[in-house]
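Here is a short briefing on one protein model. Look over the fold before reading on.

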Amino acid sequence: MPDLLRHNRIGALLVGAALLAGCIDAPAPSPRTSSTGATASSAPPATGTDVVTVGVPQGLAQAPFDEPRQVRVPAGWTLSVWARTPRPRLATWAPDGTLLVSVPSAGTVLRFTPRGAGAEESVLLDGLDQPHGLAFAGSTLYVAQSNRVDAYDYREGTATTPRVVADGLPDAKSPDLRGAYAHALKSVAVGPDGAVYFSIGSTGNITAADRTATPPRATVMRVPPGGGPAAPFATGVRNGTGLAVAPDGALWTANNGRDNIADPRTGEVDPSYVSEHPREQLARLSPGRELGWPYCNPDGGPANLPLVRDVQTNADGSRMDCAALPPIEQSFGAHSAPLGLSFTTGVLPEPFAQGALVGVHGSWNATPPREPEVSFFRWRDGTLGDQQTLVGGFQADDGSRWGRPVAAVAGPDGAVYVTDDAADAIYRLAPPA
């Protein structure tokens, strides 16, 4: 497909906007003031933090960058606007050194070629059905649309020879769902053996029928190496938008938990309890792994969280034995809405050389609101340490936000590239020179 250059495409694309959050988001308050105050930060900051003004090249200063914006970054690091494009979501680096970014609301996959301090944008694929997840295995590009996963041959900036990896996936157009689908966007990852994994989110908050649907929803599916029918790999995964392979070859998910959970002590939906429960999951997946939704919820934390019964859906424990499930390895604050997940292996300087990068979109139903950020979890001995804030400051003291990170990926130049679908921006987070 020929590349079509599209520069400075700043504007609001509202198609399918309600589906582009980790959960169904209430509208974010309009940005009014710039602040670096942590009203409800999800994690402690990385050691040695600076407050810096976001660098904005000439020509990219449209709102919200029509006024200075400040962020918290590791000491000596900088954050600048690298490109502007409406509603960018997940991202991956191509073998030719260009950044590919999905835009589900426009049905496109964009290609950003580094040019000086910024990038030149072109269209790699268009006319797709809410493309979201992107992954490479060698020169093969995998794209997860809302209703299927495809593979393409990627060469010299073009994606050709599409072939279907998995088809017939549920989305809002599925006849049996009649448009009722809260988590239609799919993510994709490729294991070291060539197996393809993709997420199928739940249709709603506690839609237990998802577990017995065909194909099952609230799952992570696996297509064996060389192709074949997809089969459930992990279940009870309400909305595993974050999906990535760790340095040891294991598959991990950043999973969005349920909303409006009742306090197990009272059986009542208490806003103060809802604001802190359940914590979002960062879990290592293995064949047959069960994350419990909607019958069990993680409790405690931040690491090694046991699963406890949900008193609304599993009151007597007969639906699932939560205590028998393995604990969740790591977590985020409740309702953080973790989205893009990636791993970095030796590209960034210490202490960020090995670990997980996560775009945290921020809450819609926590009081005070859970702050959007880019999180880092240090990788050591086959597991992940506690959450740290790599980039914060997108939320003001009054809860209003000027930005909401979606994904963060390490680039070949040793910087981190962050998509933000609220500010219509891609940032470059650069370590000290």
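Among contacts in the protein chain between residues at least 6 apart in sequence, what share joins residues at least 24 apart? The share is 58%, a contact being heavy atoms within 4.5 Å. The model is predicted: local features need pLDDT of at least 70, side-chain atom pairs count only at pLDDT 80 or more, and totals for chains, interfaces and linings use all residues. Residues are numbered from 1 along each chain as its sequence is written, and side-chain values use heavy atoms, leaving out hydrogens and water.

**Whole chain**
- Of its 433 residues, 57% are buried (under 20% relative accessible area, 1.4 Å probe, protein chains only).
- The chain exposes about 15900 Å², by the Shrake-Rupley method with a 1.4 Å probe.
- Carbon and sulfur atoms supply 53% of that area.

**Sheet β8 to β11**
- Four strands make an open antiparallel sheet, ordered β8-β9-β10-β11; strands pair if DSSP finds at least two bridges between them.
- β8 (133-137) and β11 (158-166) are the edges; each has a single partner strand, so one side of each lacks a neighbour in the sheet.
- Five bridges link β9 (residues 140-144) and β10 (residues 149-155) in the antiparallel sense.
- Leu 141 faces Tyr 152 of β10 across the pairing.

**Strands β23 and β24**
- Seven of the eight residues of β23 (residues 338-345) are buried.
- β23 runs antiparallel to β24 (residues 354-360), joined by six bridges.
- Thr 344 stands opposite Gly 355 in β24.

Notes. Helices (H or I, at least four residues) and strands (E, at least two) are DSSP runs, numbered from the N terminus. Buried means under 20% relative accessible area, exposed over 50%, partly exposed in between (1.4 Å probe, protein chains only).
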